Amino acid sequence: QVQLVESGGGLVQAGGSLRLSCAASGSGFTIDDMGWYRQAPGNQRDLVAHITSGDNTNYADSVKGRFTISRDNAKSTVYLQMNSLKVEDTAVYYCKAIITTVRGFSFQYWGQGTQVTVSS
């Protein structure tokens, strides 16, 4: 059984920084692509940043130059460094991972979400 556990959310003033972490627990799998999404009240869940197993990255236009996604494969962890935060970055942030089992089956997993609130 694979679980994704997120941490690092909280309350920060505009212009501040936060670092989110998402660790995958379990065994017998490899992690392929990973990503961070966010969902504000009344909105759909949107992609924030994505990183492939080969460390290729892409970002939503709204966060380019401010957010950085990275991963530590040894720790099965993906990070999201968020700088110059804006009020409009306020949302619940979710990590997602595509995981392949030793039998070659791929599954999509989501974390439970972590709240990020940016105050003015």
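# A tour of charges, rings and one threonine

Select K64 and D61: their side chains meet in a salt bridge, with N and O 3.1 Å apart. The model on screen is a predicted one. D61 belongs to the loop between β6 and β7. Is D61 buried or exposed? Its relative accessibility is 65%, and exposed means over 50%, so D61 counts as exposed. The side chain of D61 also makes a polar contact with the side chain of K64, at 3.1 Å.

**The salt bridges of D89**

By the rule used here, the structure has 3 salt bridges. Next, select D89 and R38. Their side chains form a salt bridge, with N and O 2.9 Å apart. This pair links distant parts of the chain: D89 is in the loop between β8 and β9 (91-101), R38 is in strand β4 (residues 29-39), and 51 residues separate them.

With the three residues on screen, you are looking at a network of salt bridges that links R38, R66 and D89. Why does D89 count as buried? Its relative accessible area is 1%, and buried means under 20%, so D89 falls in that class. R38, with a relative accessible area of 15%, is under the 20% limit and is therefore buried. R66 is buried as well.

**The aromatic pair**

How many aromatic pairs does a search of the whole structure find? It finds 1 aromatic pair. To see the pair, select Y37 and W110: the ring centres are 5.0 Å apart and the planes stand at 65°, so the pair is edge-to-face. Y37 is in strand β4 and W110 is in strand β10 (residues 106-110), so the pair ties together parts that lie 73 residues apart in sequence.

Y37 counts as buried because its relative accessibility is 15%. W110 has a relative accessibility of 33%, so W110 counts as partly exposed.

**Charges over rings**

**T77**

For the last stop, select T77, which lies in strand β8 (residues 77-82). Its relative accessibility is 8%, so T77 counts as buried. Show K75 next: its backbone oxygen lies 2.8 Å from a polar atom of the T77 side chain.

Which residues is T77 in contact with, leaving aside its neighbours within four places in sequence? They are S21, C22, A23, S70, R71 and D72. Select these together with T77 to end the tour.

Terms used: Residues numbered from 1 in each chain as written. Predicted model: local features only at pLDDT ≥ 70, side-chain atom pairs only at ≥ 80, totals over all residues. Heavy atoms only, no water. Helix = DSSP H or I, 4+ residues; strand = E, 2+ residues; numbered from the N terminus. Buried < 20%, exposed > 50% of the residue type's maximum accessible area, 1.4 Å probe, protein only. Polar contact = N/O pair within 3.5 Å; in protein donor to acceptor, adjacent residues only side chain to side chain. Contact = heavy atoms within 4.5 Å. Salt bridge = Lys/Arg side-chain N within 4 Å of Asp/Glu carboxyl O. Phe/Tyr/Trp six-rings, centres within 6.5 Å; stacked < 30°, edge-to-face > 60°.
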